[in-house]
Amino acid sequence: METTNKVELQEAYGMLKKEFEHLSTKVVQPAEGYLEYPYLIPAGFYKQMWDWDGFFMGNYFVSKGEPQYLKYWALNLIKGIDDEGYVSGCATTKGPRPIFGKFAMKPFLSQGVYLASKGLNDFEWVKPYYDQIERVIKYRERTQQDSITGLFFWDIAMQSGADNNPALNYFVEDKRSFLAPDVSAWQYKEYLAQSSLAQKLGKTDDAVYYQEKARMLKKAINDHLWSDEDSIYYTVDRETGMFYKRVTFSSFLPLTAKIAHPSNAKKMINKYLLAENHMKAKYGFRTLSASDPDYNNKNIIVPFSNWQGPVWPIANYIYSIGLKNYGFNEEVAWVGQTVSNLLLSDIGKYKTTHENYHADTGVPLAPSDDHVDENGNIVGFISWNLCIENVLDGVVNDNWMLLEID
């Protein structure tokens, strides 16, 4: 890395850290109503507590020496677990908020509980909740696990968080379902986390049981979702068993969990993530290949946010974990510098950030300028964008937040 580049990275890190010291306070809300513990919201456009927003924000606070917020996120969600093991991915001060029918939160609860406990250096608090957390895993296995392959699927793309991912079904009338690399990779990490929780709590048989589940799921991901011909993970149509060949954000999730064989990971990263005709743009990595017929940078936030091309800082943070896992250190530095500059420019102009940006111009997209507060200021979006500071902290200080399960 050039010396000048190191200086630029250090400067960007210092500036972003300073800005986020103030902006990060906006995502923490005091306990209120149904939510018995302080809770994390994507400040600005949204006022609800969301599953994966809260997970990533909570881990940002773990990295800042405040792991209690990730613990509170977990406790607020655990409260909503019903007798079947269902828990909504969205909660408000008035109670859980089921969306598009009764689909469960994304597979993050066991990971969140583990990473909070690790940050707190305390696993004892988990004991009263262990059975409930395990019930959530069993619910997902009953409702979202394919009986033939052992892989997992989303009920609808909105459940995945990548709202209109064209590799999934994102219109309610579309009844197809797809075996997906993102949900399967997240669930793989859930098994690892549940195994580690069990080990910490002296439940040795459970620890072995969930390790074996993780091993089998990793094998299934590589056996069924990896395309040797194209060197990428695709979703698979459950009805036809055929690859649904769309190069999207979700294709790269197995890299964050070290599921891909190193040689395959390197092929995939070079062929798609670092290719300008696919994922790499001037202002960061896209969420959909530029070669896809649906590629666009439309400013959409209702009825769903746009994951069909724009640069999402959280997607770039997730990509950076995969890049780091497979030794692409220069590319991780590029992510940190490029996306931090994007955020700092946004903050300089609007005193806030946005949830996504035009991949080819860097223009802030959602929420649009007509979403203003009572003082006429753009409300913006402050959430998991905070994790870009962690990318720079890793590059500059070798202090990484890779969400690893020991």
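1. Let us start with Asp398, which counts as exposed at 58% relative accessibility; exposed means over 50% relative accessible area, buried under 20% and partly exposed in between, with a 1.4 Å probe and protein chains only. Asp398 sits in the segment after helix H13 (387-397). Its phi is near 55°, a positive value in a residue other than glycine. Helices here are DSSP runs of H or I with at least four residues, strands are runs of E with at least two, and both are numbered from the N terminus.

2. A word on what you are looking at: this is a predicted model, in which local features need pLDDT of at least 70 and side-chain atom pairs count only at pLDDT 80 or more, while totals for chains, interfaces and linings use all residues. Residues are numbered from 1 along each chain as its sequence is written, and side-chain values use heavy atoms, with hydrogens and water left out.

3. Lys258 belongs to the loop between H9 and helix H10 (262-273). With a relative accessible area of 42%, Lys258 is partly exposed.

4. Now for the chain as a whole. You will find 13 helices and 14 strands in it. The radius of gyration is 20 Å, close to the 22 Å that the globule rule gives for 406 residues, so the chain is as compact as a globular protein of that length. That radius is taken over C-alpha atoms, and the globule rule is 2.2 Å times the number of residues to the power 0.38. Along its principal axes, the C-alpha trace spans about 50 × 50 × 45 Å.

5. How much of the chain is buried? Of the 406 residues, 61% count as such. Among contacts with a separation of 6 or more, 67% come from residues 24 or more positions apart; contact means heavy atoms within 4.5 Å.

6. Ala12 is part of helix H1 (residues 3-23) and counts as buried at 2% relative accessibility. Leaving out residues up to four places away in sequence, Ala12 touches Ser340, Asn341, Leu344 and Leu392.

7. Which backbone oxygen lies 3.0 Å from a polar atom of the side chain of Ser251? It is that of Tyr233. Neighbours within four places in sequence aside, Ser251 is in contact with Pro181, Ile232, Tyr233, Arg246 and Met268.

8. One runs from Val302 to Pro303, with omega near 10°; Pro303 is in the loop between strand E13 (284-285) and helix H11 (313-325). Another runs from Ala366 to Pro367, with omega near -10°, and Pro367 is in the loop between helix H12 (329-350) and strand E14 (381-382).

9. Finally, the charges. The chain carries 41 positive and 51 negative side chains, and the centres of the two sets are 2 Å apart. Lys and Arg count as positive, Asp and Glu as negative, and His and the chain ends are not counted. Each charge is placed at NZ of Lys, CZ of Arg, CG of Asp or CD of Glu.

Technical notes. A polar contact is a pair of N or O atoms within 3.5 Å; within protein, one must be able to donate a hydrogen and the other to accept it, and residues adjacent in sequence count only if both atoms are side-chain atoms.
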